[in-house]
Amino acid sequence: MLKIRLKDKVRVISGKDKGREGVVERIFPGDKKVLVDGINLYKKHIKGGYGQKSGVYDIPRPLHISRVVLICPKCSKPARVGFSVKEDKKVRVCKKCKAEID
Ligand SMILES: [Zn+2]
């Protein structure tokens with residue numbers, strides 16, 4: 001079970017976007033990677049055709065999950081996430097403020 005889920009707010013902790021925050025748009029569980037809105041953008045040259053304008057586009061690339069931390073929605077701080085079992089369901093818990101995140 002991954003600590004990061006869709007629509008989580010995360011902060012980047014390494015690389016060129018270190019310190020920036022964004023919302024998780026996609027998750028690639030097999031690669032343990034996440035795509036974060038507006039983060040890890042690369043310039044890509046795209047040729048025109050088929051209704052597509054040619055030009056240089058900013059394309060977001062997935063980041064490895066170890067390069068982001070979850071921002072706790074309760075205490076708004078980068079959270080170390082733990083798990084606890086509640087009514088046979090695993091829920092995520094912020095280790096700082098002890099709030100359940102799910
Ligand atoms: Zn918290």
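Predicted model: local features only at pLDDT ≥ 70, side-chain atom pairs only at ≥ 80, totals over all residues.
1. Where are the domains? The domain assignment places domain 1 at 9-71 and domain 2 at 75-102. Their centres, taken over C-alpha atoms, are 26 Å apart.

2. Now the interface itself. Four residues of domain 1 are in contact with seven residues of domain 2. Together the two domains bury about 400 Å², and 72% of that lies on carbon and sulfur atoms. On the side of domain 1 that touches domain 2, the residues are three nonpolar, no polar and one charged. As for polar contacts, one residue pair is found across the interface, both at pLDDT 80 or more.

3. Which residues hold the zinc ion? Its protein donors are the SG atoms of C72, C75, C94 and C97, at 2.2 to 2.4 Å from the metal. Along the sequence, these donor residues follow the spacing C-x2-C-x18-C-x2-C.

4. A word on the geometry of the zinc site: the four donor atoms make angles of 103 to 114°, and the site is tetrahedral. For reference, the ideal angle for four tetrahedral donors is 109.5 degrees.

Conventions. Residues numbered from 1 in each chain as written. Heavy atoms only, no water. Domains from an automatic or database assignment. Contact = heavy atoms within 4.5 Å. Buried area = accessible area lost by both parts, 1.4 Å probe. Polar contact = N/O pair within 3.5 Å; in protein donor to acceptor, adjacent residues only side chain to side chain. Nonpolar A, V, L, I, M, F, W, Y, C, P; charged D, E, K, R; others polar. Donors = N, O, S within 2.8 Å, 3.2 Å for Na, K, Ca; no water. Tetrahedral: all angles 85-135°; square planar, octahedral: opposite > 155°, others 65-115°.
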